Amino acid sequence: MSNSTGPVAPRLLIEIDRGGELTLHEQIEGSLRAQIQAGLLAAGTRLPSTRGLAAELRISRGVVTEAYGQLAAEGYLSISRGAPVRVAATVRRQSPRPPARSLTDTFRYDMRPSLPDLAAFPAHQWLRSVRAALTLARIDDLAYPDPRGRPELREALADYLGRVRGAAAEPEHTVITTGFMQAFSLLCRALASHGITSVAIEDPGAHVHRLIIERSGLTPVPIPVDEEGIVVSVLADCDAAAVVLSPAHQFPTGAVLSPRRRAQLIQWAESEECLIIEDDWDGELRHDAAAVGALQGLAPERVLYIGSASLRLAPALRIGWMLAPSSLAWPLSESKAIEDGGAEVIGQLALTDFIRRGELDRHLRRMRLAYSRKRRRLRGALARHMPSARLISAGSGIFELLQLPAGVQETDLIAAAASRGLGCEGLQLHRFATDGPQCVLIGCGALPEPAIDHAIRLLSEASRQVTR
Ligand SMILES: Cc1ncc(COP(=O)(O)O)c(C=O)c1O
């Protein structure tokens, strides 16, 4: 009997499908790779010669040579001149391992407040822009990019943001980032390196603001928010040198910063030489009233503006942009260069094409109408199925802030809703105080319109289950 590592090559079990989708060499590669990974062909096992295997399978020798060459390049086979082909000595049988897990939650009815309508992503138009980007890209475009972002995207954004948000955008002071989160994170670290120790935030305000401030070694200072937005008189009494806020649409109350507060805020920043950080997370999605312009346009040297593709197109694109005051533009560009060498280029070129062809405007116009309809449905469903809950969010947007009926705790409701496949967020996540009314944020961005009623019925069922 011959030993598998001995002089005689074993017969291989390789099935060839001549009408299959894979080429013959891909089929041989796939079969051998799988047998080696499963330990059926152990390290050192001698394989048939290319001529022998070709004759056995009745295919040309070149096909076997191609397959062996590819597997040698992948490290599965060792081929040396004048010696038989063997399974490489270094291969190990791959023991079964648990599949890689994702850290992100998924829900059948995802009503978390920051999710846009992913099904409405204009994939066809985006693909056209990606194709145009790759077709028009020159060889040099594949080298390390300008860490601030592609000049043509910075120009397209400057035109776009000037037109739709009233921003005073300078392409030279614009930095393309991996979403809002990276922009704000780079900024907080830059502030810390300038000796700043605290940043004021809205309370309630986006959890992500507080998280990034704390992770950058800074102290968040909570400032209350009322129906006119952040209370500037309280801000003026604290010693923070910067404030982050979402003036066009406060997250999560929905308040719009009133003209009076806008003027007070800019006056505070100018007289105290402080920085305003504008999180314009959903600026163009206002659907129930006239657009509210960006604060940055009023005081570009005092306001650092951050926007991103997440709510406007899809979070998975991970593209954001910041318009920096001139004194911060260079330090932030340098930080971006050190952080990751600049944003991914094909996506930037695609977004440039997408904006230039008017697709972003078209998509947002469509989404404003769609979100307006969905929000009406959401309100109707809440009135029908949860009449004792109170809607306390103002105005526009893709979610409601819902004050829960007496006896319902937000954490209990969120857990009971999750067990029914429904995802939502509690207000507690976004505020400092641990007491106060029990509220949840219910988004309608990602749900198809017809599913909203059923989802709210599930929420009301969950609410009944946890009522004490
Ligand atoms: C308040 C707020 N700011 C900013 C963002 C966008 O963050 P990013 O661009 O990193 O996805 C979101 C996203 O949901 C948000 O809710």
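E273 counts as exposed because it has 8 C-beta neighbours inside 10 Å; by this scale a residue is exposed with 12 or fewer other C-beta atoms within 10 Å of its own, buried with 20 or more, and partly exposed in between, the C-beta atoms being placed from the backbone. The model is predicted: local features need pLDDT of at least 70, side-chain atom pairs count only at pLDDT 80 or more, and totals for chains, interfaces and linings use all residues. Residues are numbered from 1 along each chain as its sequence is written.

**Backbone angles**
- Although E273 is not a glycine, its phi is positive, at about 55°.
- R318, also not a glycine, has a positive phi of about 50°, and with 17 C-beta neighbours inside 10 Å R318 counts as partly exposed.

**Strands**
- Strand β5 (residues 198-203) pairs with strand β6 (residues 219-226) in the parallel sense over six bridges; strands (E, at least two residues) and helices (H or I, at least four) are DSSP runs numbered from the N terminus, and pairing requires at least two DSSP bridges between two strands.
- β5 also pairs in the parallel sense with strand β8 (residues 242-245), over two bridges.
- A200 has V243 in β8 as its bridge partner, while D203 stands opposite P224 in β6.

**Cis peptide bonds**
- D203 and P204 are joined by a cis peptide bond with omega of about 5°, and P204 lies in the loop between β5 and α7.
- The bond from F251 to P252 is cis as well, with omega near 10°; P252 is in the loop between β8 and α9 (259-272).
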